[in-house]
Amino acid sequence: AYFERTQILSTPVSQSSDAVDYETVAMRKQFYRHVSKGGWPFSTSAHGWPISDCTAEGLKAVLALKQQPCIRGWAEKPVLSDERLYDAVNVILALQNTDGGFATYENNRGYGWYEWLNPSEVFGDIMIDYSYVECTNASIGALAAFHATYPGHRTAEVTRAITRARQFLIDIQRPDGSWYGSWGCCFTYASWFGVEGLIHAGEPYDSPAMKRACAFLLLHQRPNGGWGEDFTSCFEKKYPAHGMAKLGDNGSGIVCTGWALMALMAARCDDTGAVRRGIAYLCSRQKVGGDFPQEGISGVFNRACGITYTAYRNVFPIWALGRFVTEYEPWTHRASAT
């Protein structure tokens, strides 16, 4: 019901509002607005602005729920019609930039030199909407999941978008195997998105891009088994030599460790010892009550605005531990048996 209510301009209430009038091609052109109908926003439908990764995650969630046995009667009375899912795909496809990547709110409509006119004294890279590894990963995953469920809908466009997005991820991978993250700290975070995006696009596990990504993460594993970055990596665009030097645990942080492990396990890293050391580190940091400690800043936007997302300290370690038990450990057993 939540996804049904929050999809933009898709409910009977929103379709009877004046906002629908601004969705026509002529009005969008007049007011320089991107297509909105079918997207999901950063908050509620009243927010009104579709975002590529929010739309992608909303679409993936609906597709996943649709397959759950507990959601009874979907075939007879769908919570969201196929047409509404088609609208979501339309929004995602429309947000792909010419470089193959996906921006946040709108397509790239300018040039890098616009940043010289940046009026802000705090934020960086804000004058145009760029293509991001995070948004690209989410969009690839949503399009791939949609194509698996609806293989006959806009087949050529969907597959071409995935192919172009895959190439974008390869093109922006740094020489050391990492990706730069714009919404979290920073290279560890983005490398998880880069790896997952390539996998969604069908990248072989033994490809050069995947091997470089794993090598980067393994290189930066700390002696205690964890990984760590602090806020400086975001604005300096350089991996911090001392990891999470402040407010971490001997340079490691549980959130960064969760991200690194998620990437390595998704890539089926064959250094099982490194993965197990990371898992052991997470287990050692869990408190008696089950909670994980709050550490340094792990979120960011516009290069210089650090954000403490307090849920991160539990979400990502638990996610990594769950992936280890349900996916990675069984894979290692199968791999060793062949």
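# Loops, aromatic contacts and enclosed spaces

Cys-186 lies in the loop between α7 (residues 155-172) and α8. In this predicted model, a cis peptide bond joins Cys-186 to Cys-185, with omega at about -20°. Most peptide bonds are trans, and most residues other than glycine have a negative phi.

**Backbone features in the loops**

Leu-9 has a positive phi, near 50°, although this residue is not glycine. Leu-9 is placed in the loop between α1 and α2 (12-15). Its relative accessible area is 12%, so Leu-9 falls in the buried class, for which the limit is under 20%.

Lys-237 also has a positive phi, here near 55°, and is likewise a residue other than glycine. Lys-237 belongs to the loop between α10 and α11. With a relative accessible area of 33%, Lys-237 counts as partly exposed.

The loop between α7 and α8, which holds Cys-186, also holds Pro-175. Is Pro-175 buried or exposed? Pro-175 is exposed, because its relative accessibility is 82%, and the exposed class begins over 50%. The C-alpha atom of Pro-175 is separated by 23 Å from that of Asn-97, and the two residues are 78 residues apart along the chain.

**Charged side chains over aromatic rings**

Lys-237 takes part in one of the arrangements in the following table, where a charged residue lies over the face of an aromatic ring.

| Charged residue | Aromatic residue | Distance from ring centre |
|---|---|---|
| Arg-33 | Trp-49 | 4.4 Å |
| Lys-237 | Tyr-180 | 5.0 Å |

The structure contains 26 aromatic pairs. One of them is formed by Phe-187 and Tyr-239, whose rings are tilted, with 6.5 Å from centre to centre and 40° between the planes. This pair links distant parts of the chain, as Phe-187 is in helix α8 (residues 187-200), whereas Tyr-239 is in the loop between α10 (232-236) and α11 (254-266), 52 residues apart. Phe-187 and Tyr-239 are both buried.

Trp-259 and Tyr-312 form another aromatic pair, in an edge-to-face arrangement with a centre-to-centre distance of 6.3 Å and 80° between the planes. Trp-259 is part of helix α11 and Tyr-312 is part of helix α13, so this pair ties together parts of the chain 53 residues apart in sequence. Trp-259 and Tyr-312 are both buried.

**The surroundings of Arg-323**

Arg-323 is a residue of helix α13 (residues 312-337). Its relative accessibility is 11%, so Arg-323 is classed as buried. The side chain of Arg-323 makes a polar contact of 2.7 Å with the side chain of Glu-196. When neighbours within four places in sequence are left aside, the residues in contact with Arg-323 are Trp-192, Glu-196, Met-262, Met-265, Ala-266 and Tyr-328.

How much space lies in the largest pocket? The volume is about 1300 Å³. The lining of this pocket consists of 42 residues, of which Phe-42, Asp-53, Cys-54, Trp-183 and Tyr-189 are the closest to its centre. Several elements each supply at least two residues of the pocket lining: α1 (2-6), α4 (52-66), α6 (133-149), α8, β1 (299-301) and α13.

The count of cavities of 30 Å³ or more comes to one. The largest cavity holds about 70 Å³ of space. Its lining is made up of 13 residues, and those closest to the centre are Ile-254, Val-255, Glu-295, Gly-296 and Ser-298. Helices α11 and α13 each supply at least two residues of this lining. Which element gives the largest share of the cavity lining? That share comes from α11, with three residues.

Methods: Residues numbered from 1 in each chain as written. Heavy atoms only, no water. Helix = DSSP H or I, 4+ residues; strand = E, 2+ residues; numbered from the N terminus. Buried < 20%, exposed > 50% of the residue type's maximum accessible area, 1.4 Å probe, protein only. Polar contact = N/O pair within 3.5 Å; in protein donor to acceptor, adjacent residues only side chain to side chain. Contact = heavy atoms within 4.5 Å. Phe/Tyr/Trp six-rings, centres within 6.5 Å; stacked < 30°, edge-to-face > 60°. Lys NZ or Arg CZ within 6 Å of the ring centre and 35° of its normal. 1 Å grid on protein atoms, 1.4 Å probe; cavity = no way out; pocket = protein on both sides within 12 Å on 5 of 7 lines; lining within 4 Å. Points joined across faces, edges and corners; volume = space filled by probe spheres on them.
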